[in-house]
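Q: Hey, I'm new to this one. Can you walk me through a few bits of it?

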Amino acid sequence: MKFDDVLSEVNGFGKFQIRLFLIQMLSRITLPPHLLLNNFMAAVPSHHCNVTPLDDQGLFWNLTQEQLLAVSVPTEPDGSPSSCQMFSKPQYQRLHGLNSSEDAVAVPCREGWVYDNSTFASTIATEWDLVCSRKWMNKATATIFFIGVMVGAPLCGFLSDRYGRRPLLLASYLGSILFAVLSAFSPSYIMFVIMRFFTGVALAGIAIISFVLNVEWVSVEHRTFSGIIICLDVTVGNCIGVGIAYCVNEWRMLILAVTSPLVLSVIAWRWLPESARWLLANGKAEAAHRYIRKCAEINNRTKCLESVTPEVLLESAETPCTDKKYTFLDLFKTPNIRKLSVCIGIIWFGVQFTYFGICLNIAGFGLSLYLTQLTFACIEFPSKISVYFFVEKVGRRASEVGALLLTGLCLFVNLFIAKDKWIFRTVMAVLGKALSEASCANLYLYTTELFPTVVRQNGLGYSSFVAWVGVSISPLVMLLEDVWQLLPHVVYCAAALGSGLLILLLPETLNNKLPELIEDIEKPKVRVVKTGVQVS
């Protein structure tokens, strides 16, 4: 009897698993709001120089706002007031339509800026004047946060493979709360970005450990459904995050609001089980047996465990357990897992690079910031639901290849649609975003099934690290517009197409048992077909 057989006997998707998913949903819904936080927290409202110092004769009080800007601030080519410059002296002749003057010298803002607070009460941009020559500091907050996630992914993966899923989840909960609160009350920009870095590290642990723990507690026949359902809670969090941002327009309170569900996660942590697969892989049969018995009790399947002892469970691990401690180096030591790791790393880079390239550069809706974000969040529901049917019918590999190639096709078609055809461009962009979202949802499940239990968190941590390298680079690609306006879109298209083709080098995992040790992927696979017959 194998472990998957034991899990199927006690119901691999019953009340126990549903309770597990719901508990973890409390923490997972905080992930997308933090990833999207910069869209609101670091928003830059309309602004212009503070021109009060120019009013040396006390004449400004008699001018309307439009007249004040006309005499104090130069205009951009499109006719809008400059955001970063002001006149050295008031240009009253401009009130009469005369724009030429020898005294009309534009200089950088001297006494700060005046911001439009109609949409946002405050943002980090308005609090620390992160505009004009300091706007790079505003962009850097997102990059530093993503670097934190990039560092946290392999670190948390390594630690959870060493010490278990459950204790590392609690550490991630507490770390996320602590650093989020410290960032919300940061008195300076430097302290803020440092706290955001560590918030990213802690949130990375929640992202990868919660997904793996959920998947490791479901049986083979329910793995696809559970993997997609787990991704849907992130979509729910995306919608909730937009709602919170709409109601809370002060950046400090916004950070606290989107982090607050983690307090409930800490309280509910006591009911989270450890991964029985991880316990068996590390020779802890007694503890694994206790959790399996608890699962059977909640699912009303206790009679099925009458003949299952800790020794039987240990044998179900398929290969003898050792005291060996696995590291990231084990991902590259033997031929098959080396090939798997290299391919998966490149694919994750391409998928996330393309996904964030689309998300950060879609335009043409003509909606408010909140409606735009909500629209893209809602798009995720049909794309992820469709993934379930495709991966179950045609397999993980074929679905991932199809989603990425079609994403590349949408980006390719958009290269040839004129900018004034904004409706067609928007349709193709939204379709590309939906397909890219589908590839992301499937890739989490596919990667989890490819790596053995003993290095699964290491594998996901490594994959997430490479993915976040792609995320960090993706916004910078838009600077290539200075070379050729369409070059960024060509790069995103090539990344999607290249990743899709590379997946053809990987095996299919539909209806396969999860590998437990590295040796399981170094020997011929055993496929479990729906008739119950095992085929080599």
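Q: Where is Phe 120 found?
A: This is a predicted model, and in it Phe 120 lies in the loop that runs between β4 (113–115) and α6 (124–127).

Q: And is Phe 120 buried or exposed?
A: Buried: its relative accessibility is 10%, and the cut-off for buried is under 20%.

Q: Which residues does Phe 120 touch, leaving out those up to four places away in sequence?
A: Phe 40, Ala 43, Asn 249, Leu 369 and Tyr 370.

Q: What about Pro 45, how far is its C-alpha from that of Phe 120?
A: Those two C-alpha atoms are separated by 7.5 Å, though the residues sit 75 apart along the chain.

Q: OK, switching to helices. At what angle do α8 and α9 pack?
A: About 155°, and their axes are 8 Å apart. α8 covers residues 165–184, while α9 covers residues 189–216.

Q: So are they roughly parallel or antiparallel?
A: Roughly antiparallel, because angles over 145 degrees count that way.

Q: Is the crossing left-handed or right-handed?
A: The crossing of α8 and α9 is left-handed. As for the residues in that contact, 16 are nonpolar, seven polar and three charged.

Q: How many residues of α9 are buried?
A: 22 of its 28, so the rest of the structure largely encloses α9.

Q: And what span should α9 have?
A: With 28 residues at 1.5 Å a residue, α9 should span 40 Å. The C-alpha atoms at its ends are 41 Å apart, which agrees.

Terms used. Residues numbered from 1 in each chain as written. Predicted model: local features only at pLDDT ≥ 70, side-chain atom pairs only at ≥ 80, totals over all residues. Heavy atoms only, no water. Axes fitted to C-alpha atoms, helices over the stretch in contact; angles between N-to-C directions. Helix = DSSP H or I, 4+ residues; strand = E, 2+ residues; numbered from the N terminus. Parallel < 35°, antiparallel > 145°, perpendicular 65-115°, else oblique. Left-handed = near helix turned anticlockwise from the far one by under 90°. Nonpolar A, V, L, I, M, F, W, Y, C, P; charged D, E, K, R; others polar. Expected span 1.5 Å × (residues − 1). Buried < 20%, exposed > 50% of the residue type's maximum accessible area, 1.4 Å probe, protein only. Contact = heavy atoms within 4.5 Å.
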